[in-house]
Amino acid sequence: MINRNLVMCIAGLVLAAVFSFSGCGDKPASYKIGVIYPLTGEASFWGNNARNGAELAVQDFNARGGGQGYKVEVSYEDSKSVPKEAVNAANKLIFNDGAKFIVGDLASSNLLAIAPLCQQNKVVTIGQGSNPKIRDAGDYIFRTWPSDDLMGRAVAKFLNDTLLPKQPAILFVNNEYGKGLTEVVKKSLATAVSLEEGYDATTRDFRSIIQKIPRTSDALILVAYPEELPVILKQLAEARLNIPIIGTETFENENVKKISASYPNPIYYTVPRFADKDSAVYKDFIDRYKTKFGKEAGVPADPAYDAMMLILKGISAVGYDPQKVKDYLHGVKNYEGVSGIITFDEHGDVVKPYWIKKLLEGKESTVSEVQF
């Protein structure tokens with residue numbers, strides 16, 4: 001005969017376990033967030049800026065009591081600017097650390113590499129990769145940096161409406177970032193290109209590549225990373241290829257701006273219009289960043305900050321449930337972040353206008369704005 005007290009005891013334990021489990025989705029012991037950025041390798045300049053931005057967001061969230069008494073645990077991983085390493089990092093965060101949310105990566109190749117893993121395992125991911133393919137990576141994948149589809153169209157529009165080149169040449173880093181942006185530019189140009197040449201990201205001597213640029217070229221579209229840009233600009237000047245250059249947001253770098261003074265022609269570049277530099281929100285972010293890290297906030301610290309903060313706000317609003325947070329993010333409209341106003345479209349993309357900036361004799365100025 002079954003002991004009635006024993007049955008009731010077992011039933012009580014089962015119910016306790018059920019209630020305990022059902023509550024853990026909304027009220028975990030801690031919020032586990034993963035961060036993946038290239039802290040070493042070719043994109044490490046950006047990666048460390050982004051890591052700092054994400055770290056500052058966690059500090060601010062905790063300081064404002066946003067965790068509602070729950071600790072935010074962040075695991076930082078180095079993708080080493082290599083897609084395979086980014087996947088290894090994502091696997092570790094998801095399966096070893098139990099992270100249900102990831103901030104990063106900023107390199108398009110890396111974000112595209114980890115997106116299927118994150119989508120399959122329903123891990124909400126907010127990166128800053130710009131390749132147009134990211135928009136179709138899945139409903140758990142977001143980005144706080146605009147698509148290269150917009151940047152490429154901004155580059156082409158400036159060329160078509162202002163510079164009016166007849167035979168522009170294109171040099172690009174041969175990865176997802178460079179190839180994706182180059183394709184968008186070519187589709188939007190009003191003229192054919194005189195040369196389309198890709199180079200390996202590890203290249204540090206560009207003389208043989210520069211020699212391929214036809215002397216009939218009247219503009220150079222340059223899609224490169226900050227590490228190689230000073231060398232390219234120096235060797236372009238040495239080759240006396242005195243034509244205007246138009247580049248991307250990678251020119252928004254102090255080392256690049258310094259070396260640009262030695263290039264004899266104007267250098268134009270596109271950059272998303274993020275926060276108004278005079279806004280109180282942005283100034284406060286800049287001050288706190290400098291206080292914490294002892295240096296100015298570099299690209300893309302502010303979009304990385306917003307990525308982390310939006311995830312934390314989502315968890316705080318709807319609970320520690322990736323599906324609910326995913327739905328929450330798809331509903332974000334006109335959020336005032338430190339990187340400006342954020343609205344996610346149906347693909348998880350953020351849409352922003354672009355500035356066209358000019359570097360000449362080491363001085364920077366804003367030429368125009370392209371709206372979408």
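Guide: Let's start with leucine 164, which is found in the loop between α5 (148-163) and β6 (168-173). Keep in mind that this is a predicted model.

Visitor: What is phi of leucine 164 near?

Guide: Phi is near 55° there, a positive value in a residue other than glycine.

Visitor: And is leucine 164 buried or exposed?

Guide: Leucine 164 is exposed, because its relative accessible area is 56% and the cut-off for exposed is over 50%.

Visitor: Which loop holds serine 81?

Guide: Serine 81 sits in the loop between β2 (71-78) and α3 (83-96). Its phi is positive too, about 65°, although serine 81 is not a glycine.

Visitor: Is serine 81 buried or exposed?

Guide: Buried. Serine 81 has a relative accessible area of 14%, and buried means under 20%.

Visitor: Switching topic. How confident is the predictor, as mean pLDDT of the protein chain?

Guide: The mean pLDDT is 89, and 91% of the residues reach 70 or more.

Visitor: Where does pLDDT stay under 50?

Guide: Over residues 1-26. For that stretch the model has 8 contacts beyond four places in sequence.

Visitor: Give me the overall picture. How many helices and strands are there?

Guide: The protein chain has 12 helices and 14 strands. Its C-alpha trace spans about 100 × 40 × 35 Å along the principal axes. Of the 372 residues, 52% count as buried.

Visitor: How far apart are the mean positions of the positive and negative charges?

Guide: They are 2 Å apart, for 43 positive and 44 negative charges.

Visitor: And the contacts? What share join residues at least 24 apart?

Guide: 66%, among contacts between residues at least 6 apart in sequence.

Visitor: Now the strands. Why is β10 called largely enclosed?

Guide: Because 6 of the 6 residues of β10 are buried, the rest of the structure largely encloses this strand.

Visitor: Which way do the residues of β10 point?

Guide: Ile267, Tyr269 and Val271 point one way. Tyr268, Thr270 and Pro272 point the other way, and all are buried. In a regular strand the side chains alternate between the two faces of the sheet.

Visitor: What joins strand β9 to β10?

Guide: 3 bridges do, and β9 (residues 245-247) and β10 run parallel. The bridge partner of glycine 247 is tyrosine 269 in β10.

Visitor: In which sense do β10 and β13 pair?

Guide: Antiparallel, over 6 bridges, with β10 covering residues 267-272. Valine 271 stands opposite tryptophan 355 in β13.

Visitor: How many residues of β13 are buried?

Guide: 5 of the 7 residues of β13 (residues 354-360) are buried, so this strand is also largely enclosed by the rest of the structure.

Visitor: And what joins β13 to β14?

Guide: 7 bridges join β13 to β14 (residues 363-370), and the two run antiparallel. Tyrosine 354 has valine 370 in β14 as its bridge partner. β13 and β14 form a hairpin with 2 residues between them. In the turn, glutamate 361 has a positive phi of about 55°.

Visitor: Where are the cis peptide bonds you had in mind?

Guide: One runs from glycine 104 to aspartate 105, with omega near -5°. Aspartate 105 lies in the loop between β3 (101-104) and α4 (108-120). Another cis bond joins valine 299 and proline 300, with omega about -5°. Proline 300 is in the loop between α10 (280-293) and α11 (301-318).

Visitor: Next, glutamate 228. Where is its place?

Guide: Glutamate 228 is in the loop between β8 (219-223) and α8 (229-238). At 0% relative accessibility, glutamate 228 counts as buried.

Visitor: Which residues does glutamate 228 touch?

Guide: Val173, Tyr199, Ala201, Thr203, Arg204 and Phe206, not counting residues up to four places away in sequence.

Visitor: Last one. Where is phenylalanine 45?

Guide: Phenylalanine 45 is in helix α2 (residues 44-63). At 35% relative accessibility, phenylalanine 45 counts as partly exposed. Leaving out residues up to four places away in sequence, phenylalanine 45 touches Glu227 and Asn253.

Definitions and conventions
Residues are numbered from 1 along each chain as its sequence is written. This is a predicted model: local features need pLDDT of at least 70, side-chain atom pairs count only at pLDDT 80 or more; totals for chains, interfaces and linings use all residues. Side-chain values use heavy atoms; hydrogens and water are left out. Helices (H or I, at least four residues) and strands (E, at least two) are DSSP runs, numbered from the N terminus. Buried means under 20% relative accessible area, exposed over 50%, partly exposed in between (1.4 Å probe, protein chains only). Contact means heavy atoms within 4.5 Å. Lys and Arg count as positive and Asp and Glu as negative; His and the chain ends are not counted. The place of a charge is taken as NZ of Lys, CZ of Arg, CG of Asp or CD of Glu. Two strands pair if DSSP finds at least two bridges between them. pLDDT is the predictor's confidence in each residue, from 0 to 100.
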